[in-house]
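Keep the structure open beside you as you read.

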Amino acid sequence: MNQSEIAKAFERIADLLEIDGGDRFRINSYRRISRTIKDSTEDLDALSKANKLTTLPGVGKGTAERIQQFIETGTSDVLQELEAKLPPGLPALLEIPGMGPKKVAQVHDTLDVKSVDELKVVIESGALAKLPGLGAASVKKIAEGIAFLESSGGRTPLGIAWPMAEALVEKVRRLTGVRRVEIAGSVRRGKDTIGDIDILCEADDGEAIIKQFVSFSDVKRVLASGATKGSVTVERGNGKELQVDLRVVPTESFGAALQYFTGSKEHNVGLREIAAKKKLRLNEYGLYKGEQSIAGLREEDIYQALDVSFVPPELREDRGEFDREANFEALVTLADIRSDLHMHTVASDGKNTIDEMAEAAKALGYEYIAICDHSKSSTIANGLSIERMQAHIKAIREANDCIDDITILVGSECDILPDGEMDYPAEILAQCDWVVASIHSAMGSGGKKLSATERTIAAMENPYVCVIGHPTGRLINRRKPMDMDMATVVEAAKRTGTMLEINAAWQRLDLKDGHVRQAIAGGVMLSINTDAHHTQGFEQMRYGIVTAHRGGAKKHDIANCLPLEKLQQRVAQKRQRTTG
Ligand code: DGT
Ligand code: CA
Ligand code: CA
Ligand code: ZN
C-alpha cells in the first residue's frame, strides 16, 4: 500500500466508525492521522522498517502498529472488523455524491437502509425526504448522485474485462516460479460489469512475481507493489483505465484464497457464518479449527469441510446458494448448447453470408441455427422489405439444401411496432420456422403509445412469435433498460407459450441474471442467443452461459439445448393454440 492509499484507509476507518455510531474522539483521531499521513513528506516504508513511525505528529504506538500492518498486509484488523460488522452493502452509500458518513448512519439507523437499492426505495416512497435535515432538495441531489454513479460507466463490461483477465493470466503463467494462476473476483463470478480484475497465483517468491507483474508492458500505472500483492491499471479503451490486482499465495492457502477473493463479499459473510456455527474460523489463509488448518489447499475442500455443496462461482451472491436442496450439477453448460437462434447476415446488417454463418456454426458443433435478419421497419439496420424477405427465405432454404450436418432454419428478427403490431404480416411470419420479436424503436414510454410491457405482451399474443429478443433493450453503460413490468411479462410469456431471450452479446446481457431467475420461477423457457453479426460473434455464447448460471438456469430451461424436433414441436404447439 502506498502513502495515499494508507491515508484513504484511515479515512475509511473513520467513516465506517461514524456509520457504526463510534466514539467521536476516536473518529476525529483517525481523520487527523489520515491527514498527517497524506501530508507527510517522510518515506513511510523506511520509517516503518526503522520502527520510527511514532516520530510522526500525533502518531502513538497503537497507530504506528496499524500503519505498519497496512504497509505489510494491505489491510488492518480494525478495518476488517468494521467491514465485517456493518451490512455489506452499506459502505457503498458513501460513494454517492451528497451522502457523507453522517447521512449514511442516519438512513441506516432510522430507515434500516442497508444498500443503495434500499436507499432508492426510501427515496421513491418519500420516507427519506421526511428525515430531519434532509428535505426535498437534498433528496433530489442524492437521487441525482445515484443516477450519476450508475451511468458513469465506472465499471467495465464483462466482455472487455474477461478477455483482458485471460490474457494477463497467460502472462503470469509464463513467469518463472508460478505454479497455478486463476481469475478470481467478479470476473470469475461472471458479473455483467467489473469493478476491477482480481488474479491469484501460487508461487513461493511473491516479491519477484509482483515485480515482474508491475512491469508488464500493458501496465499504465502502478498503484501498489509489495511482497504478496500488486495493483496496477491497464488501458481498457477510450483512455479509460481498469485496475488489476494480483495476489501471490502459498500452496497450502491457494484454495482458501481463491474462495475468499472470488467473493462475493456477501457470499463470504454467509460462508463465514456457517463456519462460525461449527466453531470453525474461515479466512483467506484457510479454514481453522483452533490453530489448526483443516482445509485450504483446494477450494472444494473448504465447502466440503463446511458440509455445504460446492457453489459455482456465478451463484456466490448470497441469494440462497447455501440451500442444501440446490442442484448445481444440472446448470446449463456450453456443451449442452445445440444451436444459436438469433443471428444476422449480409442481407441486413451482418458481415457474413448465410453459408459462412452456417459453416462457422457447424464448426462449433451446432446441430441447427436460425438466420434472423431485421424486418422492414429497421431501416438503419437495412431491414428486409417484404419482397427482399421473400427472396431471403428462398435463399435460406437453398443454403439448407446444400449443407450437410446442420439445419438452417428460416428466421426473422421482426420489430414490435409502437402499437404492438408485428412488422411483418402473418403470411410472411407463417413461412418462418422461428421468429424473434424485438423492440428497436420508440423505446421511451410516454404519449399515447403503448408501454414497453404492453407492446411486449401484444407481440407474445401473436401465434408466430417464438421468443422476445433482448427483452429490456438495455445496453450496458450506454442505455437504461426500458421501463418494464417483468412479472407481468413473465406471466404472459407462460400463458402464451412464448420464450424469452438471454441475449448473450456482452453489450446487452438481456435478460440479466435477476430476470433469468424470475423467468425460470415463472416456468418460462429461455433461449441463449448471441445475436451474432459475423462469424466471430458466436464466441459470445459464454457470456450468455454465465448470465444463465447467475440466474440458476438448468439445461431443461434452455430452448437451444433441445433437439431440433422438440423445439419445432413447441413452436407448432404455440401456433395451434393461438390460431386454432
Ligand atoms: P468488483 O471488483 O467490484 O467487480 O467486485 P469484486 O467482487 O471482484 O470485489 P473486489 O475486487 O473488491 O474484491 C474481490 C473479492 O475479495 C470480493 O468479491 C470478496 C473478497 N473481499 C475483498 N474485500 C473483502 C472484505 O472486506 N470482506 C470480505 N468478506 N471479502 C472481501
Ligand atoms: Ca474485483
Ligand atoms: Ca480487487
Ligand atoms: Zn438481432
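Aspartate 405 sits in the loop between α16 and β13 (407–415). Aspartate 405 is not a glycine, yet its phi is positive, at about 65°. Please keep in mind that what you are looking at is a predicted model. Is aspartate 405 buried or exposed? Residues count as exposed when their relative accessible area is over 50%, and aspartate 405, at 67% relative accessibility, counts as exposed.

Asparagine 382 also has a positive phi without being a glycine, here of about 60°. You can find asparagine 382 in the loop between β12 (368–374) and α16 (386–402). With a relative accessible area of 32%, asparagine 382 is partly exposed. For background, most residues other than glycine have a negative phi, and most peptide bonds are trans.

Now for the peptide bonds. The one from glycine 263 to serine 264 is cis, with omega near -5°, and serine 264 belongs to the loop between α12 and α13. The bond from aspartate 510 to leucine 511 is cis too, with omega near 5°. Leucine 511 is in the loop between β16 (499–503) and α20 (513–521).

**The metal sites**

Which residues hold the zinc ion (ligand 4)? The zinc ion (ligand 4) is coordinated by His342 (NE2), His344 (NE2), Glu413 (OE) and Asp531 (OD), at 2.1 to 2.3 Å. Along the sequence, these donor residues follow the spacing H-x1-H-x68-E-x117-D. Histidine 344 lies in the loop between β11 (339–340) and α15 (354–363), while glutamate 413 lies in strand β13, so this pair ties together parts that are 69 residues apart in sequence. Both histidine 344 and glutamate 413 are buried. The four donor atoms around the zinc ion (ligand 4) subtend angles of 82 to 172°, which makes the arrangement irregular. To count as tetrahedral, four donors would need all angles between 85 and 135 degrees.

The calcium ion (ligand 3) is coordinated by Asp196 (OD), Asp196 (OD), Asp198 (OD) and Asp245 (OD), at 2.3 to 2.6 Å. The spacing of its donor residues in sequence is D-x1-D-x46-D. Aspartate 198 lies in strand β4 (residues 196–202) and aspartate 245 in strand β7 (residues 241–249), so the pair ties together parts that are 47 residues apart in sequence. Aspartate 198 counts as buried at 10% relative accessibility, and aspartate 245 counts as buried at 4%.

How far apart are the calcium ion (ligand 2) and the calcium ion (ligand 3)? They are 3.7 Å apart, and aspartate 196 coordinates both.

**Hidden spaces**

Rolling a probe the size of a water molecule over the atoms shows where empty space is left. A search of the whole structure finds two cavities of 30 Å³ or more. Here they are side by side:

| Cavity | Volume | Lining residues |
|---|---|---|
| Largest cavity | about 50 Å³ | Pro463, Val465, Cys466, Gly497, Met499, Arg570, Val571, Lys574 |
| Second largest cavity | about 30 Å³ | Gln259, Tyr260, Asn268, Leu271, Arg272, Leu282, Asn283 |

What kinds of residues line the largest cavity? Its lining divides into five nonpolar, one polar and two charged residues. Helix α22 (residues 564–579) provides the largest share of that lining, with three residues.

The lining of the second largest cavity divides into three nonpolar, three polar and one charged residue. At least two lining residues come from each of α12 (254–262), α13 (265–277) and β8 (281–283). Of the elements, α13 gives the most to the lining of the second largest cavity, with three residues.

**The overall layout**

Stepping back, the protein chain is divided into domain 1 (1–86), domain 2 (90–151), domain 3 (156–249), domain 4 (253–315) and domain 5 (335–579). Taken over C-alpha atoms, the centres of domain 2 and domain 4 are separated by 34 Å.

Conventions: Residues numbered from 1 in each chain as written. Chains lettered and ligands numbered in written order. Predicted model: local features only at pLDDT ≥ 70, side-chain atom pairs only at ≥ 80, totals over all residues. Heavy atoms only, no water. Donors = N, O, S within 2.8 Å, 3.2 Å for Na, K, Ca; no water. Buried < 20%, exposed > 50% of the residue type's maximum accessible area, 1.4 Å probe, protein only. 1 Å grid on protein atoms, 1.4 Å probe; cavity = no way out; pocket = protein on both sides within 12 Å on 5 of 7 lines; lining within 4 Å. Points joined across faces, edges and corners; volume = space filled by probe spheres on them. Helix = DSSP H or I, 4+ residues; strand = E, 2+ residues; numbered from the N terminus. Nonpolar A, V, L, I, M, F, W, Y, C, P; charged D, E, K, R; others polar. Tetrahedral: all angles 85-135°; square planar, octahedral: opposite > 155°, others 65-115°. Domains from an automatic or database assignment.
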